[in-house]
Number of protein chains: 2
Amino acid sequence: MQTIGQIIRTNRERKGLLLRQLAAQLDVDTAILSKIERSERKPTREQIFKLADIFKLDRDELLIQYLSEKIAYEIADEDVATRTLKVAEQKVRYLKSAKHGKV
Amino acid sequence: MQTIGQIIRTNRERKGLLLRQLAAQLDVDTAILSKIERSERKPTREQIFKLADIFKLDRDELLIQYLSEKIAYEIADEDVATRTLKVAEQKVRYLKSAKHGKV
DNA sequence: AACGAGTTGACAATTTGTGTCAAATGTAAT
DNA sequence: ATTACATTTGACACAAATTGTCAACTCGTT
């Protein structure tokens, strides 16, 4: 199970880029990128998209990794975590159908 | 599909309580409770537990409603929402097993 | 009109997220 | 062991989001 940080680091090293080089492309401080790779900070959505472009990864895939990691950390220490996600799925379905005027 | 706000309002009315009476028990301003019931604001976790106690609802059940609603609103307008939740489930499982020393 | 219940919006206080910077640490080469 | 460079760390500043406070407002009832 890879974190976003690990995905970024792996891809950066695969391309032989230094932190400061990738940081420059992302337009962030090296310190921040370092923290992101070690999961000490979360990237922003914009950064995710830039990374997907730089590494030619599927934007949706990376976005899913990013969002799901955020959610997982949000509730991982609840012991109702799994049931919460099941109910969240139902609610999402409901909200989406409502949005399409199906209520 | 009921919102937390609707659950609260229904239960408050069932007990014949006024907004200001329930607000007093919750130790919040009437304005806030009004907004919570109409989903204009989110309750805090503490408030959720107080409400469960006041209405004699299952704390975990209400917590699940609260957390899942928060998550659902967070990602409802992503079109990768459902897949995100599936991946989040996997990540939660992984995090939980890691926590129990199973890595 | 006066009252009580609920709603609304402007604002303040607090918390959380993000960025900046400089110093510290690690690592390899000379 | 000193230099040079990459990365990490932590303190701080700034911005954004959350939460709370308050007063004015609407609406229905008497």
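Predicted model: local features only at pLDDT ≥ 70, side-chain atom pairs only at ≥ 80, totals over all residues.
User: What is the hand of the crossing where H6(A) passes H5(B)?
Analyst: The crossing is right-handed.

User: Which residues make the contact of H6(A) and H5(B)?
Analyst: H6(A) contributes residues including A:Arg83, A:Val87, A:Lys91 and A:Leu95. From H5(B) come, among them, B:Glu61, B:Ile64, B:Leu67 and B:Ile71. By class, this contact has 11 nonpolar, 3 polar and 4 charged residues.

User: What makes up the contact between chain A and chain B, and how much area is buried?
Analyst: Chain A gives 39 residues and chain B gives 39 residues. About 3,700 Å² is buried between the chains. Carbon and sulfur atoms give 65% of that area.

User: Which residues in chain A lose the most area to chain B?
Analyst: They are A:Met1, A:Ile64 and A:Lys91. Together they account for 18% of what the chain A side buries.

User: Why does the pair B:Arg45 and A:Glu78 count as a salt bridge?
Analyst: The cut-off is 4 Å between a side-chain nitrogen of Lys or Arg and a carboxyl oxygen of Asp or Glu. For B:Arg45 and A:Glu78, the closest N and O atoms are 2.2 Å apart. The pair therefore meets the rule. Across the interface of chain A and chain B, the rule finds 6 salt bridges.

Notes. Residues numbered from 1 in each chain as written. Chains lettered and ligands numbered in written order. Heavy atoms only, no water. Left-handed = near helix turned anticlockwise from the far one by under 90°. Helix = DSSP H or I, 4+ residues; strand = E, 2+ residues; numbered from the N terminus. Contact = heavy atoms within 4.5 Å. Nonpolar A, V, L, I, M, F, W, Y, C, P; charged D, E, K, R; others polar. Buried area = accessible area lost by both parts, 1.4 Å probe.
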